[in-house]
Amino acid sequence: LEQLPSEQDVFIDDPAKGFNYYRDEQIDSPDAVVICVATPSLPDGQCDTSNVAAVLDKYYTVNSNTKFLIKSAVDPMDSVLDVHYRLTYSPEFLGSSNMHRSTEEEFMKQTFAIYGGDDCRFWDELFKPVLSELKEVRYLSLEQAAFSKYVENCFLATRVTFFNEMY
């Protein structure tokens, strides 16, 4: 967070970690919100995006011009993507191959990013100081960005299944 531009006020809203900002208290009217919340599987296997929806609702009622960046996993066909918010989706392509780095280090050392949706350039510029090792950035539609992560997960699951069969 220290590497973000100084004109940006950054607040962490994560009740699970003891950071919980309520409307009209510490945050008057946020210009932008990054959403990175749990999206567990529902009993039928679908992604539960109720946490994402709760964050969208919480901040949208304060400022309807707020830009939202979703980092949480979402299904490309999920209704949370089919709303009137200013949404950008940026799936994470972090690897678990380097066990000597923390999640934060993995995030900061990524070389590829996708932004899909309404404010791609805004988010790209905001994160440039933090993601200094980015070599390639793609701007897509919201649906294409969500689908790219879905396809990657399907491919990796297929690869694991294939090699388990070969073993």
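User: Is Glu152 buried, partly exposed or exposed, and how is that decided?

Analyst: Buried means under 20% relative accessible area, exposed over 50%, and partly exposed in between, with a 1.4 Å probe and protein chains only. Glu152, with a relative accessible area of 26%, is therefore partly exposed, whereas Lys149, at 17%, counts as buried. This is a predicted model, in which local features need pLDDT of at least 70 and side-chain atom pairs count only at pLDDT 80 or more, while totals for chains, interfaces and linings use all residues. Residues are numbered from 1 along each chain as its sequence is written, and side-chain values use heavy atoms, with hydrogens and water left out.

User: What do the side chains of Lys149 and Glu152 form?

Analyst: A salt bridge is a side-chain nitrogen of Lys or Arg within 4 Å of a carboxyl oxygen of Asp or Glu. Lys149 and Glu152 meet in one, at 3.2 Å from N to O. Helices (H or I, at least four residues) and strands (E, at least two) are DSSP runs, numbered from the N terminus; because the two residues lie three apart in helix α4 (residues 142-166), about one helical turn separates them.

User: How many salt bridges are there by this rule?

Analyst: The count comes to five, and among them is the pair Arg86 and Asp119, at 2.7 Å from N to O. Arg86 lies in strand β3 (residues 86-89) and Asp119 in the loop between β4 (112-117) and α3 (120-127), so this pair ties together parts that are 33 residues apart in sequence. Arg86 is partly exposed at 29% relative accessibility, while Asp119 is buried at 10%.
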